[in-house]
Amino acid sequence: MNECANLATCGFFQKYLATHQAACQGLITQYCKGPRQDACKRKDYKRKHGTPPPDDMLPVGVMFRPN
């Protein structure tokens, strides 16, 4: 399966990969390089609005609130 074209510039992963690596790797495996690419809400948002979603928006569509 191909990697999502948005992965390299994805604001969520640019912001959180260094501090939440394990969680981000799981999301990348499922949503960016795996079977849930078509279910990515970040991709839907960009398609609908023409701009990237907020950096805190997870691929599942909810906002990430780190502790």
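Reader: How many positive and negative side chains does the protein have, and how far apart are the centres of the two sets?

Author: Lys and Arg count as positive, Asp and Glu as negative; His and the chain ends are left out. A charge is placed at NZ of Lys, CZ of Arg, CG of Asp or CD of Glu. Here there are 10 positive and 5 negative side chains, and the two centres lie 3 Å apart. This is a predicted model: local features need pLDDT of at least 70, side-chain atom pairs count only at pLDDT 80 or more, and totals for chains, interfaces and linings use all residues. Residues are numbered from 1 along each chain as its sequence is written, and side-chain values use heavy atoms, without hydrogens and water.

Reader: Which residues have the most contacts inside the largest nonpolar core?

Author: In soluble globular proteins, nonpolar side chains tend to be buried together. A nonpolar core joins buried Ala, Val, Leu, Ile, Met, Phe, Trp, Tyr and Cys residues through side-chain atoms within 4.5 Å. Buried means under 20% relative accessible area, exposed over 50%, partly exposed in between (1.4 Å probe, protein chains only). The largest core has 14 residues, and Phe-12, Phe-13, Leu-27 and Cys-32 have the most contacts inside it. The largest share, 5 residues, comes from α2.

Reader: What does Leu-27 touch, leaving aside its neighbours within four places in sequence?

Author: Contact means heavy atoms within 4.5 Å. Leu-27 is in contact with Phe-12, Phe-13, Cys-32, Leu-58 and Pro-59, its neighbours within four places left aside.

Reader: How many helices and strands are there?

Author: Helices (H or I, at least four residues) and strands (E, at least two) are DSSP runs, numbered from the N terminus. The protein has 3 helices and 0 strands.
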